[in-house]
Amino acid sequence: MDRQSDPSAQQSEPRDPRDWVKLLSQYRDPNWKQSWFEVAVTAIPFILLWVLAWKALSVSYWLSFALSLPIGVFLVRLFTIQHDCGHGSFFASRRMNDWLGRVLGVLTLTPYDVWRRTHSIHHSSHGNLGRRGIGDIHTMTVAEYRALSWLGRLNYRLYRNPIILFGFGPSYLFFLQNRLPIGLMNMSKYWISAMLTNLALFVALAIMYWFGGWAPILIIFVPSTLTAATIGMWLFYVQHQFENAHWEAEEDWQLHDAALHGSSYYVLPKALQWASANIGIHHVHHLYSRIPFYRLPEVLRDHAELASSNRMTIRESFASVRLHLWDEQSHKLMSFRQARAIYG
């Protein structure tokens, strides 16, 4: 689309979030050649790095460990492809999306069908104060926090502590929580998804142990997985945790307002944007989740309003770690210190 002919680039009044849906639908169609190309340029380096890291075990454990870090970066990109499969946006065929997603779910330690359902809940309820709890970073309001006992406040402070959230959190989520269909425990479909993923993962680890002992597991598999999990946790955090985010009581909540105003545009250098498969263009993704990740830059190119909305640089994103509570009066996320200064 010619940007000059796009009325959204010329109008002074912001477009209503609901109006974006029809406009963005023109970007939804995936190109199967481009999709397979993205799989190839991600999976092939991932496999080659694994081979190099395995061979490096006979030379230096430190060299092998160093190679595990870029493996983790490519694992993030594989997870983002799995993410698109879950939204049905990576291929035109739902079946092809699902089976590629299930295969990648073994590599990412994420049962695909379980994740697809919980992530769908996240998309359909993000920013709704009455529907928190599945697929999001737990966020309390100032009033809720002030009503807690000292022990409840301590628990929440520990949960929101960066050491817990980005240190222990990724390990717990991917190594432990993902082994069970948490939040969907009463449905056999999701137990099957979790247990089959666990079985495939066990077989893969058993093969590693059979041919290499503990070394490839402890020096390549675990560090690369933790690298990917930590990067993924950070990306997910900054996508929705920023000062001018969007939360509303259930009776006032509106899906498209929450999508546009409650999701950030994480502005990354080109290399990092490629490695994270454009997941930082998150406000557009939430507005229209059927757009393949490789078409998201087209949207920003064609629509200046979206390119300037909710922008967050890497430097600015670090400040979001200090924000913990949603203030329903000012409609902002704030720190514990700010809440105490205002409300006592």
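Trp 36, Phe 90, Phe 91, Phe 293 and Tyr 294 form a single aromatic cluster. Rings of Phe, Tyr and Trp (its six-membered ring) pair if their centres lie within 6.5 Å; planes under 30 degrees apart count as stacked, over 60 as edge-to-face and the rest as tilted. The model is predicted: local features need pLDDT of at least 70, side-chain atom pairs count only at pLDDT 80 or more, and totals for chains, interfaces and linings use all residues. Residues are numbered from 1 along each chain as its sequence is written, and side-chain values use heavy atoms, with hydrogens and water left out.

The structure holds 20 aromatic pairs. One of them joins Phe 166 and Tyr 237 edge-to-face, at 5.3 Å centre to centre and 80 degrees between the planes. This pair links distant parts of the chain. Phe 166 lies in helix α8 (residues 162-176) and Tyr 237 in helix α10 (residues 215-240), 71 residues apart. Helices (H or I, at least four residues) and strands (E, at least two) are DSSP runs, numbered from the N terminus. Phe 166 is buried at 15% relative accessibility, and Tyr 237 is buried at 1%. Buried means under 20% relative accessible area, exposed over 50%, and partly exposed in between (1.4 Å probe, protein chains only). Tyr 237 also forms a stacked pair with Trp 234, at 6.2 Å centre to centre and 20 degrees between the planes. Both residues lie in α10, 3 residues apart, about one turn of the helix. Trp 234 is likewise buried.

Charges also sit over rings (NZ of Lys or CZ of Arg within 6 Å of the ring centre and within 35 degrees of the ring normal). The charged end of Arg 102 is over the ring of Trp 99, 4.7 Å from its centre. Arg 157 lies over the face of Phe 336, 4.1 Å from the ring centre.

An open sheet of 3 strands runs in the order β1-β4-β5, with mixed pairing. Strands β1 (140-141) and β5 (332-334) stand at the edges with a single partner each, so one side of each lacks a neighbour in the sheet. Two strands pair if DSSP finds at least two bridges between them. β4 (residues 325-327) and β5 pair in the antiparallel sense over 3 bridges. Asp 327 has Lys 332 of β5 as bridge partner. Helix α17 (residues 336-343) packs on the sheet and touches β4 and β5. Contact means heavy atoms within 4.5 Å.

Asp 29 lies in the loop between α1 (17-24) and α2 (32-56). Asp 29 is exposed, with a relative accessible area of 52%. Beyond residues up to four places away in sequence, Asp 29 touches Pro 292 and Arg 295.

Note on methods. Axes fitted to C-alpha atoms, helices over the stretch in contact; angles between N-to-C directions.
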